[in-house]
Amino acid sequence: MVKSKSAIVRAKITYFFKETFRAHSKAEYREIFSRGLTKNTEGVTGAFPWLYVRAFFVLFMLFTVNVLVLRLTNNTLFVPSVTFLGGITFTIPFIILLYELYPKRGISLLLILAVLVGGGTAACLLSQLGYAFLPVTNKWLGAVVAGVLEEICKTIPAIIAIIILNQKNPYACFLIAAAVGAGFSVIEDMGYIFYYSDKYVFFFHSDIQATVAMFADRGLSSFCTHIVWTGAVGWSYSLAKRLLRSAGLVIFLLSITLHICWDLPFEGWVKALDILLCVIVAAALNITIIHKSRINTLEQEINLTRLNDKIIREAKKMGELMRFRNAGNLTFSLSCTFLSVIILIVCAMPIGMEYTTEIYSGKEEFISFVENGYNLEADWNRKYDGKNDNYEERIIEGELTYAIQKVTFSGGAYFYGYYFHDNMPEENPDSIAVELDNESSRINCTEFEFGKEKIWAFAVNTKLIDYTYNSDGTVTAVLDAEEFEGYSLLIGLSAGGCAVMVACAIVLVSFKIKLGRVKDEE
């Protein structure tokens, strides 16, 4: 009897849920970690993915605990663990999922992790050597260079790994290349998390807000960037060795194009649309690759009709006892995840922080912030005006040695200071200050350095503590933290956390009672 597609899909979803959240035996753990390492490497595993979920929950909660400790103690010894866990929490479970979807027994998980470390390191080394010989300052050209250079640098170790491991299966080539992309992503993500969250190094203070934001940004984007781009290139290499050489080249060029489009310096809704299109194309391409490669691999090994019949039977056999157990495991896992998210949000809130950071897109935006939006002018070429009276004078032994002249403008006044020698003023002012009607004190003109360029500005905004000019042209400002006023949000998050815990406890107790009744009935 031919089963309908909808019946097979429903059965597979049910079976997938069952295999993911049921308790797994030690033998199953041994099987997945020893897969590819024993003599039994023929045939298919027949197992549905389940390890990736456990890996994600463990890593996510470990990251949360370390962030919480760092937030409460500000102990810099926890910065490396936060950086490391932040870089692997999304990437490692994702590569484990891709590994579990590979149906054959011929590749071990340890081998994939070794390729991840070695291949990712090699790709990063090659890309940094490339950047050393290709210095680019233009953002648009930089996006093109990054897309072409990084994809080539990831492709080289990926193809070398495929050749060394002597893999011909398209999914195996995809998996090995994806592992190289994952290694590259982990190194890059750890670098971003460390770089953007450690801006208070002079004050021995870490920016938890930037840490959590970068963790979420880099982690979530890992599902549709380096891993899948490089994986698609590995899959295309398996085609290049066959008849579809042109199709393989098209996939390689598409991966480069997606990388370039992802890095293009658009802003606002254009940037959001650009990212969305990149996500859609990358997801559609890789889901197609994974599905087709997996099905083709299974068809070569087993009868898919018999496999589907088995899955349908197993799905129907899953009784009420198993469903409640799985639902209980899912409830507990989701509750821990929600609590971790709430804890991370609370940690990122500016409660009790001495400093905070703000990133500005360029030096012009930073100077506008420094001057509180005032359009002030530092005229260091102004000459002393002998026709105007001096606003202040310094006279030593009857001789004028220093004078300040006041020049008013709408909203305030400038004060130019000049040294005198033999009753003659110096050619240019020694100092410039400004008084603004809406500010309480006189503000001196200060020099700000942006690489080789220097700009004079008036630090009207008193929140500024320090700043860093970044290689990409952005400016990171270290600011005095404002007094936190969002206590209602804090109370809401705390109440939400308590509600999650209470709801979880009620649901789990209900499941426990129901499980007892089902056992009695059986």
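This is a predicted model: local features need pLDDT of at least 70, side-chain atom pairs count only at pLDDT 80 or more; totals for chains, interfaces and linings use all residues.
Residues are numbered from 1 along each chain as its sequence is written, and side-chain values use heavy atoms, with hydrogens and water left out.

**Figure 1. Overview of the chain.** The chain holds 16 helices and ten strands; helices (H or I, at least four residues) and strands (E, at least two) are DSSP runs, numbered from the N terminus. Of the 522 residues in the chain, 45% are buried. Buried means under 20% relative accessible area, exposed means over 50%, and partly exposed lies in between (1.4 Å probe, protein chains only). Among contacts with a separation of 6 or more, 70% join residues 24 or more positions apart; contact means heavy atoms within 4.5 Å.

**Figure 2. Packing of helix H4 on helix H8.** Helix H4 (residues 79–88) packs against helix H8 (residues 170–197) at an angle of about 135 degrees, and their axes are 8 Å apart. That angle makes H4 oblique to H8. Axes are lines fitted to C-alpha atoms, for helices over the stretch in contact, and angles run from 0 to 180 degrees between N-to-C directions. Angles under 35 degrees count as roughly parallel, over 145 as roughly antiparallel, 65 to 115 as roughly perpendicular and the rest as oblique. The crossing of H4 and H8 is right-handed; a crossing is right-handed if the near helix is turned clockwise from the far one by less than a right angle, and left-handed if anticlockwise. From H4, Val-79, Thr-83, Phe-84, Gly-86, Gly-87 and Ile-88 meet Val-186, Asp-189, Met-190, Ile-193 and Phe-194 of H8. This contact of H4 with H8 comprises seven nonpolar, three polar and one charged residues. In this classification Ala, Val, Leu, Ile, Met, Phe, Trp, Tyr, Cys and Pro count as nonpolar, Asp, Glu, Lys and Arg as charged, and the others, Gly among them, as polar.

**Figure 3. Packing of helix H7 on helix H8.** The axes of helix H7 (residues 139–164) and H8 come within 9 Å and cross at roughly 135 degrees, which makes H7 oblique to H8. The crossing of H7 and H8 is right-handed. Residues of H7 in this contact include Glu-150, Lys-154 and Pro-157, and those of H8 include Cys-173, Ile-176 and Glu-188. By class, the contact of H7 with H8 has nine nonpolar, one polar and three charged residues.

**Figure 4. Packing of helix H12 on helix H8.** H8 and helix H12 (residues 268–301) pack at about 135 degrees, with axes 8 Å apart; H8 and H12 are therefore oblique to each other. Pro-170, Tyr-171 and Phe-174 in H8 meet Asn-286, Ile-289, Ile-290, Ser-293 and Arg-294 in H12. The contact of H8 with H12 divides into five nonpolar, two polar and one charged residues.

**Figure 5. The nonpolar cores.** A nonpolar core is a set of buried Ala, Val, Leu, Ile, Met, Phe, Trp, Tyr and Cys residues joined through side-chain atoms within 4.5 Å. The largest such core has 72 residues, and those with the most contacts inside it are Val-67, Ile-95, Ile-96, Leu-98 and Ile-112. H8 gives the most to this core, with 13 residues. Residues up to four places away in sequence aside, Ile-112 touches Ile-95, Tyr-99, Ile-107, Leu-175, Ile-176 and Ala-179. A second, separate core of 14 residues includes Leu-376, Tyr-416, Val-434 and Leu-436.

**Figure 6. Surroundings of Asn-66.** Asn-66 lies in helix H3 (residues 51–73) and is buried, with a relative accessible area of 13%. Beyond its neighbours within four places in sequence, Asn-66 is in contact with Phe-78, Ser-81, Val-82 and Leu-85.

**Figure 7. Residues with positive phi.** Asn-372, although not a glycine, has a positive phi of about 55 degrees. Asn-372 is found in the loop between helix H15 (363–370) and strand E2 (392–396) and is partly exposed, with a relative accessible area of 41%. Asp-422 also is not a glycine and has a positive phi of about 55 degrees. Asp-422 lies in the loop between strand E4 (412–421) and strand E5 (424–425).
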